Amino acid sequence: MSVSLKHITETLPSVDTNDYRSKNAKLFSTLDKILVVIDDDPTGNQTVYGIPLLSSWSIDVFVKEFIEGTPVFYVLTNSRSLTPEATTEIYKEIAENLLKTSELTQKKFTVLSRSDSTLRGHFPLEPETLQQHLKLENAITVFIPVMFEGNRVTLNSNHYIKDEDLLTPVNETPFAQDHSFKYSKGNLKEYIEEKSNGKVKSSEVFSFSIEAIRRRNLDVLAENILEIPDTSYCVFDSLSYYDLDKVTSALLLAEAQGKQIIYRTSSSFVPSYIGLKPKGLLLPKDILDKNNESGGLTIVGSYVKKSSEQLANALSLFDEKQIVEVDVSKILSDSANEYIEAQVSAIDNTISSGHDVIVYTSRKLITGATTNDTVLIASKISNALVDIVKGITVRPKYLIAKGGITSHDLATKGLGMKRSKVLGQIQPGIPTWEMGSETKFSKLPYIVFPGNVGNATTLQTIITKLKHHD
């Protein structure tokens, strides 16, 4: 049942407005541990900037970052699109490689499992796998899925989506019906019990109320965290960055005193924990090469309702020759290769003439007779978009990739990304990366547009913003 935030906040203690963000920057630096954010989806870095993103996790890759003293970096696993079995193998490998890297470089690290603010993802599998293979037998698991940029907040251990004054429990939204990660509990303590299949009882999960966070001083909060028994789960309320910044200060103080912690959080936690100051939205001049006179390229692979609405509005910006609808039936036919080559040629010609291009898969959803058949169809469609990016020879002014899986595959398989850097947000919740030197188009501005982010005109707004960059 939805509740009024205004009605609730009238009875709450005043917000503690001390500058804990600056304190966190000093505490994180003093901790002298590298923060490794293991991300299950490529869209989860929208709250940070100036931070490396890695698409591989070999010991050599980790050693390079550790030796260079990179204070924080993301490892993009895309595990939300994988099976539990495949996810387990990846997280086991990452954990073992991090341990070996730490031994080789004599540098310590903290690990954070970043996932969805609407509670979708492999939980508790991912943090449990990390804890086991990092040999952190005494660690507590801190679960903080708030994401203020997406209006996800937690109060009385209940996780909500905020729409102006209205708080709707996340379990009463369509996100809870996700075909891969369905759940019924919006109370985080009960959610942990549900997702652990009763292994962890809700009564055993420790929680910090908004009243406790706002009223207690920092040292008391840190002491409370230190007193949490080993291997326990713990959740925290937060209605704003003021609350979260104070929580992360207490967690950093507890870590400094030897508390082992595995973090499972959404996007807002990372800048709070490392003390990264907010940054305004990127302007076209911040990301575009003024000497590149080619057109921009937008690729829409996501099929969710919001993506299709955004696509429909964006199409009004383009002439017929600038629109490439990828016919899925032809992708699944024997003449798929010839069809893709023709699309690539058309895209190259249009971009080279300075005109923007939008590419999208036909909106009719085609499924197979079995689940495996449907997965195979989805894979072929994704591979077709990858082949288009691999095939183009003209460097676009920018590339917008619409959809989580689409953006991951186009970056890693299409452009060959191994390391890039997140520059910031072009619009709220929509990060922009700068492609690394090893990629097909070095320093290409790459905009990662999640399927369910923004309103019906956000894609149209971004394309217009980039078109009129002068």
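**Close-up views of a predicted model**

**View 1. The second largest pocket and the elements that line it.** In this predicted model, the second largest pocket has a volume of about 460 Å³. Of the 17 residues lining this pocket, K33, K108, F109, L136 and Q260 are the closest to its centre. Helix α4 (84-105), strand β5 (108-114) and helix α9 each supply at least two residues of the lining, and β5 gives the most, with four residues. Sorted by class, the lining of the second largest pocket comprises eight nonpolar, four polar and five charged residues.

View 2. Q106, which is placed in the loop between α4 and β5, has a positive phi of about 60° although it is not a glycine. In the loop between β5 and α5 (125-133) lies P124, and the peptide bond that leads from F123 to P124 is cis, with omega near 5°.

**View 3. The largest cavity and its lining.** The count of cavities of 30 Å³ or more comes to one, and the volume of the largest cavity is about 60 Å³. Its lining is made up of S115, D116, L119, R120, G121, F123, F143, P145, Y191, R264, T265 and S266; F123, one of these lining residues, is also the residue from which the cis peptide bond runs to P124. By class, the residues that line the largest cavity divide into five nonpolar, four polar and three charged.

**View 4. The packing of helix α2 with helix α9.** The axes of helix α2 (residues 20-31) and helix α9 (residues 241-256) come within 9 Å and cross at roughly 25°, which makes α2 roughly parallel to α9, and the crossing of the two helices is left-handed. On the α2 side the contact is made by Y20, R21, K23, N24, L27, F28 and L31, and on the α9 side by Y241, D245, K246, T248, S249, L252, L253, E255 and A256. The residues of this contact between α2 and α9 divide into eight nonpolar, three polar and five charged.

**View 5. The packing of helix α8 with helix α9.** Helix α8 (residues 218-226) and α9 have axes that come within 8 Å and cross at roughly 60°; the two helices are therefore oblique to each other, and α8 passes α9 in a right-handed crossing. In this contact L218, D219, L221, A222, I225 and L226 of α8 meet K246, S249, A250, L251, L253 and A254 of α9, and the residues involved divide into nine nonpolar, one polar and two charged. K246, S249 and L253 of α9 take part both in the contact with α2 and in the contact with α8.

**View 6. The packing of helix α12 with helix α17.** The axes of helix α12 (residues 305-314) and helix α17 (residues 458-467) come within 7 Å and cross at roughly 40°, which makes α12 oblique to α17. Q310, L311, N313 and A314 of α12 make the contact with T458, L459, Q460 and I463 of α17. By class, the contact of α12 with α17 has four nonpolar and four polar residues, and no charged residues.

Methods. Residues are numbered from 1 along each chain as its sequence is written. This is a predicted model: local features need pLDDT of at least 70, side-chain atom pairs count only at pLDDT 80 or more; totals for chains, interfaces and linings use all residues. Side-chain values use heavy atoms; hydrogens and water are left out. Axes are lines fitted to C-alpha atoms, for helices over the stretch in contact, and angles run from 0 to 180 degrees between N-to-C directions. Angles under 35 degrees count as roughly parallel, over 145 as roughly antiparallel, 65 to 115 as roughly perpendicular and the rest as oblique. A crossing is left-handed if the near helix is turned anticlockwise from the far one by less than a right angle, and right-handed if clockwise. Contact means heavy atoms within 4.5 Å. Ala, Val, Leu, Ile, Met, Phe, Trp, Tyr, Cys and Pro count as nonpolar, Asp, Glu, Lys and Arg as charged, and the others, Gly among them, as polar. On a 1 Å grid over the protein atoms alone, a cavity is a set of points where a 1.4 Å probe fits but cannot get out, and a pocket is an open set with protein on both sides within 12 Å along at least five of seven lines; lining residues have an atom within 4 Å of a point. Grid points are joined across faces, edges and corners, and a volume is the space filled by probe spheres set on the points.
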